[in-house]
Amino acid sequence: MAAWGERLAGVRGVLLDISGVLYDSGEGGGKVIAGSVEAVARLKRSGLKVRFCTNESQKSRRHLVAELRHLGFDVSESEVTAPPPAACRILKERGLRPHLLVHDDVRSEFNDIDMSNPNCVVIADAGESFSYQNMNKAFQVLMGLENPVLISLGMGRYYKVTSGLMLDVGGYTKALEYACGVQAEVVGKPSPEFFKSALREMGVEARQAVMIGDDIVGDVGGAQRCGMRALQVRTGKFRPSDEHHPEVKADGHVGNLAEAVDLLLQHADK
């Protein structure tokens, strides 16, 4: 593999995943991953452009940012690219009226959306709301549409919280795809459009940006398909087998965000 200087040369912008990179979510607001608060601060002081790119769909963006700020992170809502606001833009642009299968804490993101007589289903990480009754209702809505539209906020398989690994939205989305014979439109990582929107908001081209995440497929693979470089941290949901993934090869593996920032500040934008 090429030297770090070659792999990180010309980087002007950094996209940061949140869960598993900055902190592990969980009871009491979660737990900071060692060194990550200062790592974010150092990145911001460096002059590199920084944006947070998350698939978080159990919390509103306001709730998520408040949680991060309480843990000591310097972050504002305007710096976070998240699936719910992106989905709302799509719904308005296309005149879609959703049936929501989402967590109660994220429903506020859809307050300005018409949900009468639904003509699509929006599914997110609904947590305990993934009951048979709620899944079956989403199934019935889709089967009742002449042209069913299923929008999934992310497509993750699982994620890590302080108590362990948790099943993510992807498995539930796949169940609806199979039962209804539809293909979901993914709003969130690894969708190329989601990464492109984050790059536009950050104001850098893909070749000038690097993604730092813990998900070999959603973070690393998704970013690379957009022409970005991507580093995987060995925190969060990282598994040793990720370093030998059959389809995705990270541009580098680092112990944690602090180590990634050390390398970036040494080699980026050179």
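Visitor: What covers the buried residues of helix 6?

Guide: In this predicted model, the cover over the buried residues of helix 6 includes strand 7 (120-123), helix 5 (132-143) and strand 8 (150-152).

Visitor: Which residues of helix 6 are buried, and which are exposed on the other side?

Guide: An α-helix has 3.6 residues a turn, so residues three or four places apart point the same way. In helix 6, the buried residues are V169, G170, T173, L176, E177 and C180. Viewed down the helix axis, these buried residues fall within an arc of 125°, so they line one face of helix 6. K174 and Y178 lie on the other side of helix 6 and are exposed.

Visitor: What span should helix 6 have, and how far apart are its end C-alpha atoms?

Guide: Helix 6 comprises twelve residues (residues 169-180), and at 1.5 Å a residue it should span 16 Å. The end C-alpha atoms of helix 6 are 17 Å apart, which agrees with that expectation.

Visitor: At what angle do helix 5 and helix 6 pack, and is their crossing left-handed or right-handed?

Guide: The angle between helix 5 and helix 6 is about 40°, and their axes are 10 Å apart. Angles under 35 degrees count as roughly parallel and 65 to 115 as roughly perpendicular; helix 5 is therefore oblique to helix 6. The crossing of the two helices is right-handed.

Visitor: Which residues meet where helix 5 and helix 6 pack?

Guide: From helix 5, M135, A138, F139, L142 and M143 meet Y172, A175, L176, A179 and C180 of helix 6. L176 and C180 also belong to the buried residues of helix 6.

Conventions
Residues numbered from 1 in each chain as written. Predicted model: local features only at pLDDT ≥ 70, side-chain atom pairs only at ≥ 80, totals over all residues. Heavy atoms only, no water. Helix = DSSP H or I, 4+ residues; strand = E, 2+ residues; numbered from the N terminus. Expected span 1.5 Å × (residues − 1). Buried < 20%, exposed > 50% of the residue type's maximum accessible area, 1.4 Å probe, protein only. Arc of directions from axis to C-beta. Contact = heavy atoms within 4.5 Å. Axes fitted to C-alpha atoms, helices over the stretch in contact; angles between N-to-C directions. Parallel < 35°, antiparallel > 145°, perpendicular 65-115°, else oblique. Left-handed = near helix turned anticlockwise from the far one by under 90°.
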